[in-house]
Amino acid sequence: MTVDKLVESISNKSDRIGRTVNLMEVCGTHTMAAFRSGIRTRLPEQVRLLSGPGCPVCVTSDNYIDHAIELAMTENTIITTFGDMMRVPGSRGSLSLAKARGKDIRVIYSPQQALVAARKNPGREVIFLGVGFETTTPLVAWTIQNAYSRKMPNYSVLCAHKTIMPAMRALCDSDDVRVDGFLCPGHVSVITGAEIYKPLCREYHAPCVIAGFEPEDILLSIDMLLNQIISGEASVEIQYTRSVTAAGNKLAQKCVNDVFKPCDASWRGMGVIPSSGLSVRSSYKEYDAELKFPRIRVSEVKRDTGCRCGDVLRAVITPSECGLFKKECTPDNPIGPCMVSSEGTCAAYYRYSRIDE
């Protein structure tokens, strides 16, 4: 079906529903794709797209950034990380600022490059900043297995990996957030499979459609969600069938379960969500940076910057409702992580709001 036909179908169905429908793009990549393609401008007013907590950089806490900077300050260490993390502000500055002060912090493009850095620097400690959802976690687990099998003593991971389902449950439990259906993350679902969303449908009567990233994918997924709402159903459907199966990638799941175990995790704006994080199992404890450098302890610091990234991540407000947006907070001077990340909601609004508002 063409884009025009899909838009027409969505418009007709929203008329049948007769009220505003809130659909959440859980994944930051969907948020950016919806803006970039102009989908938001084609939707009827009754269909609202809300941005969710699916950007891993955006939900990383100040405390984690502070911890990473303290590790960078430790003698003989090399910090390796993805580029998005460099400018995220903690309570004591950013990794970019620490690098400017002479600390050895290196931007890499895959976790494997961190392992290569450890092999090339046997006399130094190489620490990878493990941030990401189910999409990234298998690769990081593989580096730990690889370091273990090669008996590499100078590699470790500062782990802040998260899983998306507990966050979606927390949103459903929140009194502040009303979501009529979820555009579920395509990349995450490639690994997890579609089955993981079934409890959400059953317990919260929340329609779920796993969406691809092309404009036609997103529009068709919205149309599928409206079908469920009209019929009063709540099930899991896969629109992104070219990549996602019901069971997911079993090999990747096995790798992750071998290395990591569930733990409570702190989410920016959402607080601590039980069993929403992953920590390194004791069988690989020598690769857990938190245990490897026990003297480094960072206390939580509350900053009062006026930044409302936490409310943006819970879809309680849009970025333009934050008093700092496009004023004190810009891509050149980000106050919060949603303006830093390439998948951040504030960055997407900043870049595309002229055509969206």
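This is a predicted model: local features need pLDDT of at least 70, side-chain atom pairs count only at pLDDT 80 or more; totals for chains, interfaces and linings use all residues.

**Stop 1: helix α11.** Select residues 215-231, which form helix α11. How far apart are its end C-alpha atoms? They are 25 Å apart, which agrees with the 24 Å that 17 residues should span at 1.5 Å a residue. Now colour the buried residues of α11, among them I218, L219, I222, L225, L226 and I229. Step just past the end of α11 to find G232, with a positive phi of about 75°.

**Stop 2: E25 and R40.** The structure holds 15 salt bridges, and E25 with R40 is one to show next, with the closest N and O atoms 2.7 Å apart. E25 sits in strand β1 (residues 21-27) and R40 in helix α3 (residues 39-42), so you are looking at a link between distant parts of the chain, 15 residues apart. Buried or exposed, what is E25? At 1% relative accessibility E25 counts as buried, and R40, at 14%, is buried as well.

**Stop 3: E203 and R169.** Here a salt bridge spans 2.7 Å, N to O. Because E203 belongs to helix α10 and R169 to helix α8, the pair ties together parts 34 residues apart in sequence. E203 is partly exposed at 47% relative accessibility, and R169 is partly exposed at 25%.

**Stop 4: D180 and R178.** The closest N and O atoms of this salt bridge are 3.6 Å apart. D180 is buried at 10% relative accessibility, whereas R178 is exposed at 52%.

**Last stop.** Select D176, R308, D311 and R314 together to see a network of salt bridges.

Conventions:
Residues are numbered from 1 along each chain as its sequence is written. Side-chain values use heavy atoms; hydrogens and water are left out. Helices (H or I, at least four residues) and strands (E, at least two) are DSSP runs, numbered from the N terminus. The expected span of a helix is 1.5 Å times one less than its number of residues. Buried means under 20% relative accessible area, exposed over 50%, partly exposed in between (1.4 Å probe, protein chains only). A salt bridge is a side-chain nitrogen of Lys or Arg within 4 Å of a carboxyl oxygen of Asp or Glu.
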